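Subject: Structure handover

Hello,

Here is the structure I promised to pass on. Please open it next to this message and read along.

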Amino acid sequence: MPEKILVTGGAGYIGAHVTKVLLEAGYDAIVLDNLSNGRGDFVPDGRLVVGDIGNRAFLNHLFAAHSFAAVCHLAASIQVGESTLLPSLYYRNNVANTLTLLDAMVAANVKQLVFPSTCAVYGAPSIQPIPESHPLNPISPYGATKLMVERILQDYSRAFELQSAILRFFNAAGAAPDGSIGEAHEPETHLIPIAIEAALGLRSHLKIFGDDYNTPDGTCVRDYVHVMDLAEAFKLSLRYLQREQTSLTLNLGNMQGFSVKEVAETVMQVSGRSFDVRVAPRRAGDPPLLVGSNQRAAEMLGWTPRYSDLNTIVRHAWQWHSGERLPVPNPLPPSAISNNLLGLPY
Ligand code: UFG
């Protein structure tokens, strides 16, 4: 029997890629998503349960109906800028609802979790590439919520022997090379899809948020990691937890940084289209430079990014966006929802 894995947020951008990789590896992945941001059509038929991780009674039914070996918990609010404006939403979704999920897991004796954290836990770091040992000092509510969950997981590990793989993502980017799924946020705030929308003529221009940072060309530098490589790390983490029966915390970076200007140029090159680029004021909560070490991920998981080249990352993103109609919020083919996964009559 293949192991059954619950993927919360599995209809979202990263969650859908994680689900795809797990299914391809032979896991029996079941997605739980409230479709507040995710897309039902990203989830293979019969694998989606629509519901909320903050609803304990609902989770009790779900855990009673399935024998999950582990949970990959990707359901979260993810925008740094928005988190500075709506902190309550972030603390509720990312911390309070995660506690509800963890308690339901413990009650159901599901003791392994893969949790995506973020480079935002480091704040504005002083060392690049950033090692996991760097001091943790988030400068946004988003980063603070992820760090709080990291600490909660340490406490749950001691109290309930819950083992977790904490994966601190750098900038997720790209799309499945087969063009089946890609990055679709509503509204979109991420650099690569926005630049692609400008190349497709769906936006009049790309705004660069600040060109007066202390970086080589004055624009912010980020470490873009292919979403399929991040998804691969979930698979490797599940295997690690099963094999080693102990927790771990890792950075998932590419060890190379690209500036906003370099990304805009790469999108122009890959798409063969130029677009208007305008300098705008800095965006709140943006550190100048974030590049992540992946040494520990290589040692502990054997993880090395397969698609580390920015051109390839942008090419896969471009293929998906240019093949995609304009994103429709939450389109949901009826065949995608499988209420019987929950063992309930609704
Ligand atoms: N940017 C622009 N114009 C845009 C959009 C983005 O100039 O229209 C810039 C941003 O200011 C930033 C860079 O492009 O310097 C990348 O921005 P994204 O919004 O694509 O991604 P973030 O760097 O904000 O997000 C990443 C991770 C988060 C993490 C955060 C920490 O995805 O998980 O870094 O700051 F929390």
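Below is what I found, from the whole chain down to single residues.

Note that this is a predicted model.

**Whole chain**

The chain has 10 helices and 14 strands. Along the principal axes, the C-alpha atoms fill a box of roughly 55 × 45 × 35 Å. Of the 346 residues, 55% are buried. The exposed surface comes to about 14200 Å², with carbon and sulfur atoms supplying 50% of it. Take the contacts with a separation of 6 or more: residues 24 or more positions apart account for 79% of them.

Start with β6, residues 163–169. How many of its residues are buried? The count is 7 of 7. In a regular strand, side chains alternate between the two faces of the sheet. Both faces of β6 are covered. On one side sit Gln163, Ala165, Leu167 and Phe169, all buried. On the other sit Ser164, Ile166 and Arg168, also buried.

β6 pairs with strand β5, residues 112–118, through 7 bridges, and the two run parallel. In that pairing, Thr118 stands opposite Phe169. The chain gets from β5 to β6 through helix α5, residues 141–160, and this β-α-β crossover is right-handed.

β6 also pairs with strand β11, residues 248–252. That pairing is parallel too, over 5 bridges. Here Arg168 stands opposite Asn251 of β11.

Ser164 is worth a click. It lies in β6. Leaving aside neighbours within four places in sequence, Ser164 is in contact with Leu113, Leu153, Leu241, Ser247 and Leu248.

Ala144 lies in α5. Its relative accessible area is 16%; the cut-off for buried is under 20%, so Ala144 is buried. Beyond its neighbours within four places in sequence, Ala144 is in contact with Tyr91 and Pro138. Tyr90 is 54 residues away from Ala144 along the chain, yet their C-alpha atoms are separated by 9.4 Å.

Helix α7 covers residues 227–244, which is 18 residues. From first C-alpha to last it reaches 25 Å, close to the 26 Å expected at 1.5 Å a residue. Is α7 enclosed or exposed? 13 of its 18 residues are buried, so the rest of the structure largely encloses it. Gln245 follows α7 and has a positive phi, near 55 degrees.

**The open sheet**

Three strands form an open sheet in the order β12-β9-β14, with mixed pairing. β12 (258–259) and β14 (289–290) are the edge strands, each pairing on one side only. Strand β9, residues 221–222, is joined to β14 by 2 bridges, and they run parallel. Val221 stands opposite Leu289 of β14.

**Backbone points to check**

Most residues other than glycine have a negative phi, and most peptide bonds are trans. These residues and bonds depart from that.

- Gln128 to Pro129: the peptide bond is cis, with omega near -10 degrees. Pro129 is in the loop between β5 and α5.
- Glu186 to Pro187: a cis peptide bond, omega about 0 degrees. Pro187 lies in the loop between β7 (171–173) and α6 (191–199).
- Asn109: not a glycine, but its phi is positive, about 65 degrees. It lies in the loop between α4 (87–107) and β5. With a relative accessible area of 56%, Asn109 is exposed.
- Met255: also not a glycine, with a positive phi of about 65 degrees. It lies in the loop between β11 and β12. Met255 counts as partly exposed, at 39% relative accessibility.

Over to you.

Best regards

Terms used: Residues numbered from 1 in each chain as written. Predicted model: local features only at pLDDT ≥ 70, side-chain atom pairs only at ≥ 80, totals over all residues. Heavy atoms only, no water. Buried < 20%, exposed > 50% of the residue type's maximum accessible area, 1.4 Å probe, protein only. Helix = DSSP H or I, 4+ residues; strand = E, 2+ residues; numbered from the N terminus. Pairing = 2+ DSSP bridges. Right-handed = clockwise from strand over helix to strand, strands pointing away. Contact = heavy atoms within 4.5 Å. Areas by Shrake-Rupley, 256 points an atom, 1.4 Å probe, with all protein chains shown as cover. Expected span 1.5 Å × (residues − 1).
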